[in-house]
Amino acid sequence: MMGPQHALSGAAVWLAGSWALEQFADYHQSPLALAVGTAVCAGGALFPDLDMSGKVTKNQGGATVARTFGVFSLFAAEVMEKISLGVYYATKLSKDPRRNNGHRTLTHTLPFTALIGWGTTALCAAYGKWAVITILFFMFGLALRGLFDKWAERAGWVIITLASAGAAWFTYANLPGGRGYPLIGTALGVGCFVHILGDMITRAGVPILWPIPIKRRMWMMIGLPNRIALRVGSKAEVVGMRIALTAVSALATVGLVAPSVLRRFGVDV
(Lines give C-alpha, C1' and ligand atoms only; values in the text may rest on other atoms or scores of the structure.)
Protein backbone atom coordinates (compact mmCIF):
# COMPACT_ATOMS: atom_id res chain seq x y z
CA MET A 1 0.00 0.00 0.00
CA MET A 2 1.23 3.50 -0.84
CA GLY A 3 2.20 5.97 1.90
CA PRO A 4 -0.81 8.32 1.72
CA GLN A 5 -3.24 5.41 2.00
CA HIS A 6 -1.30 4.02 4.97
CA ALA A 7 -1.47 7.36 6.78
CA LEU A 8 -5.14 7.81 5.98
CA SER A 9 -5.91 4.29 7.22
CA GLY A 10 -4.26 5.11 10.55
CA ALA A 11 -6.31 8.30 10.92
CA ALA A 12 -9.53 6.53 9.92
CA VAL A 13 -9.02 3.66 12.38
CA TRP A 14 -8.22 6.01 15.27
CA LEU A 15 -11.22 8.25 14.58
CA ALA A 16 -13.60 5.32 14.10
CA GLY A 17 -12.25 3.62 17.23
CA SER A 18 -12.61 6.82 19.23
CA TRP A 19 -16.21 7.17 18.07
CA ALA A 20 -16.95 3.55 19.04
CA LEU A 21 -15.39 4.03 22.49
CA GLU A 22 -17.46 7.16 23.06
CA GLN A 23 -20.69 5.51 21.93
CA PHE A 24 -20.36 2.14 23.62
CA ALA A 25 -17.92 2.64 26.48
CA ASP A 26 -18.68 6.26 27.39
CA TYR A 27 -14.99 7.12 26.92
CA HIS A 28 -14.61 10.80 26.06
CA GLN A 29 -11.49 12.57 24.79
CA SER A 30 -10.67 16.24 24.69
CA PRO A 31 -10.36 17.77 21.20
CA LEU A 32 -6.57 18.02 21.68
CA ALA A 33 -6.24 14.38 22.77
CA LEU A 34 -8.33 13.27 19.81
CA ALA A 35 -6.22 15.33 17.39
CA VAL A 36 -2.96 14.05 18.88
CA GLY A 37 -4.10 10.43 18.79
CA THR A 38 -5.25 10.76 15.18
CA ALA A 39 -2.01 12.39 14.05
CA VAL A 40 0.23 9.90 15.89
CA CYS A 41 -1.76 6.93 14.59
CA ALA A 42 -1.53 8.32 11.04
CA GLY A 43 2.22 8.78 11.45
CA GLY A 44 2.57 5.37 13.04
CA ALA A 45 0.81 3.83 10.05
CA LEU A 46 3.78 4.97 7.96
CA PHE A 47 6.52 4.05 10.41
CA PRO A 48 7.07 0.36 9.45
CA ASP A 49 8.17 1.42 5.97
CA LEU A 50 11.28 2.94 7.52
CA ASP A 51 12.88 -0.30 6.31
CA MET A 52 12.69 0.92 2.70
CA SER A 53 15.78 3.01 2.03
CA GLY A 54 16.65 5.26 -0.90
CA LYS A 55 19.66 7.21 -2.15
CA VAL A 56 20.83 9.13 0.90
CA THR A 57 23.49 11.32 -0.71
CA LYS A 58 21.15 12.29 -3.55
CA ASN A 59 18.11 12.78 -1.28
CA GLN A 60 16.04 10.54 -3.55
CA GLY A 61 13.94 7.40 -3.39
CA GLY A 62 12.80 5.48 -0.35
CA ALA A 63 9.33 5.18 1.10
CA THR A 64 7.22 8.17 2.15
CA VAL A 65 8.51 7.94 5.72
CA ALA A 66 12.11 7.94 4.50
CA ARG A 67 11.63 11.20 2.57
CA THR A 68 9.89 13.10 5.36
CA PHE A 69 12.96 14.79 6.87
CA GLY A 70 15.25 14.77 3.85
CA VAL A 71 18.67 13.13 4.09
CA PHE A 72 18.25 12.61 7.86
CA SER A 73 15.26 10.30 7.54
CA LEU A 74 16.78 8.66 4.45
CA PHE A 75 19.86 7.82 6.51
CA ALA A 76 17.67 6.43 9.31
CA ALA A 77 15.86 4.30 6.72
CA GLU A 78 19.18 3.05 5.38
CA VAL A 79 20.20 1.96 8.89
CA MET A 80 16.84 0.31 9.60
CA GLU A 81 16.86 -1.51 6.28
CA LYS A 82 20.29 -2.97 7.03
CA ILE A 83 19.24 -3.98 10.56
CA SER A 84 16.10 -5.64 9.21
CA LEU A 85 18.09 -7.52 6.58
CA GLY A 86 20.58 -8.61 9.24
CA VAL A 87 17.78 -9.97 11.46
CA TYR A 88 16.31 -11.75 8.44
CA TYR A 89 19.53 -13.61 7.69
CA ALA A 90 20.22 -14.29 11.37
CA THR A 91 16.84 -16.03 11.79
CA LYS A 92 15.99 -17.42 8.32
CA LEU A 93 15.42 -21.12 7.81
CA SER A 94 16.26 -23.33 4.86
CA LYS A 95 13.16 -22.50 2.81
CA ASP A 96 13.36 -18.74 3.28
CA PRO A 97 14.56 -17.15 0.02
CA ARG A 98 17.65 -15.00 -0.34
CA ARG A 99 17.04 -11.25 -0.17
CA ASN A 100 19.02 -8.18 -1.12
CA ASN A 101 17.01 -5.76 1.06
CA GLY A 102 15.14 -5.79 4.36
CA HIS A 103 11.83 -4.28 3.25
CA ARG A 104 8.74 -5.99 4.71
CA THR A 105 10.70 -8.02 7.23
CA LEU A 106 11.42 -7.01 10.85
CA THR A 107 9.37 -3.80 10.98
CA HIS A 108 6.35 -5.60 9.55
CA THR A 109 6.00 -8.06 12.44
CA LEU A 110 3.85 -8.15 15.57
CA PRO A 111 6.82 -8.25 17.99
CA PHE A 112 8.18 -5.04 16.43
CA THR A 113 4.75 -3.40 16.70
CA ALA A 114 4.42 -4.37 20.37
CA LEU A 115 7.94 -3.17 21.11
CA ILE A 116 7.31 0.21 19.49
CA GLY A 117 4.05 0.76 21.38
CA TRP A 118 5.46 -0.33 24.74
CA GLY A 119 8.80 1.41 24.19
CA THR A 120 7.13 4.71 23.32
CA THR A 121 5.00 4.63 26.46
CA ALA A 122 8.02 3.72 28.57
CA LEU A 123 10.15 6.52 27.12
CA CYS A 124 7.42 9.12 27.68
CA ALA A 125 6.93 7.97 31.27
CA ALA A 126 10.65 7.84 32.06
CA TYR A 127 11.91 10.99 30.33
CA GLY A 128 8.82 13.19 30.15
CA LYS A 129 9.01 16.46 28.25
CA TRP A 130 11.84 15.82 25.81
CA ALA A 131 10.79 12.27 24.98
CA VAL A 132 7.21 13.42 24.34
CA ILE A 133 8.28 16.36 22.17
CA THR A 134 10.73 14.23 20.18
CA ILE A 135 8.22 11.46 19.49
CA LEU A 136 5.47 13.93 18.61
CA PHE A 137 7.87 15.74 16.30
CA PHE A 138 8.58 12.61 14.29
CA MET A 139 4.97 11.41 14.22
CA PHE A 140 3.55 14.80 13.25
CA GLY A 141 6.08 14.98 10.43
CA LEU A 142 5.06 11.57 9.13
CA ALA A 143 1.37 12.47 9.42
CA LEU A 144 1.88 15.67 7.45
CA ARG A 145 3.92 13.87 4.81
CA GLY A 146 1.35 11.12 4.43
CA LEU A 147 -1.99 12.90 4.79
CA PHE A 148 -1.02 15.97 2.76
CA ASP A 149 1.30 14.28 0.28
CA LYS A 150 0.94 16.73 -2.62
CA TRP A 151 1.36 19.80 -0.41
CA ALA A 152 4.29 18.14 1.40
CA GLU A 153 6.09 17.45 -1.87
CA ARG A 154 5.78 21.10 -2.87
CA ALA A 155 6.68 22.44 0.58
CA GLY A 156 9.78 20.29 0.99
CA TRP A 157 11.31 18.61 4.01
CA VAL A 158 12.52 21.83 5.66
CA ILE A 159 8.97 23.21 5.96
CA ILE A 160 7.72 19.82 7.19
CA THR A 161 10.47 19.79 9.83
CA LEU A 162 9.68 23.30 11.06
CA ALA A 163 5.92 22.68 11.11
CA SER A 164 6.39 19.41 12.99
CA ALA A 165 8.65 21.01 15.58
CA GLY A 166 6.20 23.85 16.20
CA ALA A 167 3.22 21.50 16.45
CA ALA A 168 5.07 19.17 18.84
CA TRP A 169 6.07 22.01 21.16
CA PHE A 170 2.56 23.51 21.16
CA THR A 171 0.97 20.13 21.81
CA TYR A 172 3.23 19.30 24.73
CA ALA A 173 2.62 22.71 26.28
CA ASN A 174 -1.13 22.10 26.22
CA LEU A 175 -1.31 18.41 27.15
CA PRO A 176 -2.12 17.63 30.78
CA GLY A 177 1.04 16.55 32.59
CA GLY A 178 1.80 13.80 35.07
CA ARG A 179 -0.08 10.99 33.30
CA GLY A 180 2.74 9.17 31.54
CA TYR A 181 1.15 9.85 28.14
CA PRO A 182 0.01 6.26 27.36
CA LEU A 183 -2.11 7.72 24.55
CA ILE A 184 1.01 8.33 22.44
CA GLY A 185 2.36 4.79 22.73
CA THR A 186 -1.07 3.27 22.12
CA ALA A 187 -1.67 5.40 19.02
CA LEU A 188 1.77 4.61 17.61
CA GLY A 189 1.34 0.88 18.21
CA VAL A 190 -2.12 0.88 16.64
CA GLY A 191 -0.77 2.77 13.65
CA CYS A 192 1.99 0.20 13.09
CA PHE A 193 -0.56 -2.62 13.34
CA VAL A 194 -2.86 -0.91 10.85
CA HIS A 195 0.10 -0.64 8.46
CA ILE A 196 0.66 -4.40 8.68
CA LEU A 197 -3.02 -5.08 7.98
CA GLY A 198 -2.89 -2.72 5.01
CA ASP A 199 0.07 -4.56 3.52
CA MET A 200 -1.65 -7.90 4.09
CA ILE A 201 -4.33 -7.02 1.53
CA THR A 202 -1.67 -6.43 -1.14
CA ARG A 203 -0.01 -9.14 -3.22
CA ALA A 204 3.33 -9.32 -1.43
CA GLY A 205 1.94 -9.92 2.07
CA VAL A 206 3.83 -9.56 5.36
CA PRO A 207 5.57 -11.97 7.81
CA ILE A 208 2.96 -11.32 10.50
CA LEU A 209 3.52 -14.70 12.19
CA TRP A 210 7.29 -14.24 12.68
CA PRO A 211 9.05 -15.75 14.64
CA ILE A 212 6.81 -18.84 14.35
CA PRO A 213 8.38 -21.32 11.91
CA ILE A 214 6.06 -22.63 9.17
CA LYS A 215 7.13 -25.31 6.71
CA ARG A 216 10.82 -24.63 7.35
CA ARG A 217 10.29 -20.93 6.80
CA MET A 218 10.63 -18.30 9.49
CA TRP A 219 9.57 -15.44 7.23
CA MET A 220 6.37 -16.78 5.67
CA MET A 221 4.56 -13.95 3.85
CA ILE A 222 0.88 -13.89 4.79
CA GLY A 223 -1.71 -12.03 2.72
CA LEU A 224 -4.72 -12.29 0.46
CA PRO A 225 -4.60 -14.56 -2.59
CA ASN A 226 -3.23 -12.72 -5.62
CA ARG A 227 -6.53 -12.95 -7.48
CA ILE A 228 -8.27 -10.70 -4.94
CA ALA A 229 -5.31 -8.83 -3.41
CA LEU A 230 -4.73 -5.16 -4.21
CA ARG A 231 -1.90 -4.24 -6.53
CA VAL A 232 0.20 -1.46 -4.99
CA GLY A 233 -0.29 1.76 -6.94
CA SER A 234 -3.38 0.51 -8.78
CA LYS A 235 -6.49 2.64 -9.22
CA ALA A 236 -8.34 0.44 -6.74
CA GLU A 237 -5.75 1.25 -4.09
CA VAL A 238 -4.98 4.89 -4.87
CA VAL A 239 -8.53 6.02 -5.65
CA GLY A 240 -10.82 3.40 -4.14
CA MET A 241 -9.05 3.07 -0.80
CA ARG A 242 -8.60 6.81 -0.44
CA ILE A 243 -12.30 7.50 -1.02
CA ALA A 244 -13.37 4.77 1.40
CA LEU A 245 -10.93 5.81 4.15
CA THR A 246 -11.78 9.50 3.74
CA ALA A 247 -15.48 8.67 4.09
CA VAL A 248 -14.86 6.68 7.28
CA SER A 249 -12.74 9.50 8.72
CA ALA A 250 -15.34 12.14 7.87
CA LEU A 251 -18.26 10.15 9.29
CA ALA A 252 -16.37 9.36 12.50
CA THR A 253 -15.35 12.99 12.90
CA VAL A 254 -18.94 14.15 12.49
CA GLY A 255 -20.06 11.54 15.00
CA LEU A 256 -17.47 12.76 17.51
CA VAL A 257 -17.81 16.51 16.98
CA ALA A 258 -21.50 17.00 16.20
CA PRO A 259 -22.87 15.91 19.61
CA SER A 260 -20.66 18.37 21.50
CA VAL A 261 -21.61 21.16 19.09
CA LEU A 262 -25.29 20.37 19.46
CA ARG A 263 -25.01 20.29 23.26
CA ARG A 264 -23.60 23.84 23.18
CA PHE A 265 -26.85 24.92 21.61
CA GLY A 266 -28.92 23.11 24.23
CA VAL A 267 -29.85 20.13 22.04
CA ASP A 268 -29.94 16.88 24.01
CA VAL A 269 -28.19 14.07 22.15
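**Ground rules**

I am working with a predicted model, where local features need pLDDT of at least 70, side-chain atom pairs count only at pLDDT 80 or more, and totals for chains, interfaces and linings use all residues. Residues are numbered from 1 along each chain as its sequence is written, and side-chain values use heavy atoms, with hydrogens and water left out.

**Entry 1**

My helices (H or I, at least four residues) and strands (E, at least two) are DSSP runs, numbered from the N terminus. The axes are lines fitted to C-alpha atoms, for helices over the stretch in contact, and angles run from 0 to 180 degrees between N-to-C directions.

I looked up helix H6 (residues 129-147) and helix H8 (residues 157-174), and found that their axes come within 8 Å and cross at roughly 135°. That makes H6 oblique to H8; angles under 35 degrees count as roughly parallel, over 145 as roughly antiparallel, 65 to 115 as roughly perpendicular and the rest as oblique. I noted the crossing of H6 and H8 as right-handed. The rule for this is that a crossing is left-handed if the near helix is turned anticlockwise from the far one by less than a right angle, and right-handed if clockwise.

Which residues make the contact? On the H6 side I listed, among them, Trp-130, Ile-133, Phe-137 and Phe-140, and on the H8 side, among them, Ile-160, Ala-167, Trp-169 and Tyr-172. Contact means heavy atoms within 4.5 Å. The residues of this H6 and H8 contact divide into 14 nonpolar, four polar and one charged. For these classes, Ala, Val, Leu, Ile, Met, Phe, Trp, Tyr, Cys and Pro count as nonpolar, Asp, Glu, Lys and Arg as charged, and the others, Gly among them, as polar.

**Entry 1: H2 and H6**

Next I turned to helix H2 (residues 31-44), which packs with H6 at an angle of about 75°, the axes being 7 Å apart. That makes H2 roughly perpendicular to H6. H2 brings Val-36, Ala-39, Val-40, Ala-42, Gly-43 and Gly-44 to this contact, while H6 brings Leu-136, Met-139, Phe-140, Leu-142, Ala-143 and Leu-147.

**Entry 2: H5 and H6**

Helix H5 (residues 110-127) also meets H6: the axes come within 6 Å and cross at roughly 140°. That makes H5 oblique to H6. From H5 I wrote down Thr-120, Leu-123, Cys-124 and Tyr-127, and from H6 Lys-129, Trp-130, Ala-131, Val-132 and Ile-135. By class, I have seven nonpolar, one polar and one charged residues here.

**Entry 3: What the record says**

I checked UniProt, whose unreviewed entry lists residues 110-143, 155-172, 184-210 and 243-262 as "transmembrane region". Its positions are given in the numbering used here, feature names are shortened, and annotations may be inferred rather than shown by experiment. In the model, residues 155-172 are 94% helix and 0% strand, with the end C-alpha atoms 25 Å apart. Residues 184-210 are 63% helix and 0% strand, and there the end C-alpha atoms lie 25 Å apart.

Where is Pro-211? I found Pro-211 in the loop between helix H9 (182-200) and helix H10 (235-264). A cis peptide bond joins Trp-210 and Pro-211, with omega about 10°.

Lys-215 is in the loop between H9 and H10, and its phi is near 50°, a positive value in a residue other than glycine. Arg-216, in the loop between H9 and H10, has a positive phi of about 60° although it is not a glycine.

**Entry 4: Buried or exposed?**

My cut-offs are buried for under 20% relative accessible area, exposed for over 50%, and partly exposed in between (1.4 Å probe, protein chains only). Lys-215 is exposed at 72%, and Arg-216 is exposed at 55%. Ala-167 of H8 is partly exposed at 28%.

Pro-48 sits in the loop between H2 and strand S1 (54-55), and Pro-48 is buried at 0%. Not counting residues up to four places away in sequence, Pro-48 touches Thr-107, His-108, Cys-192 and His-195.
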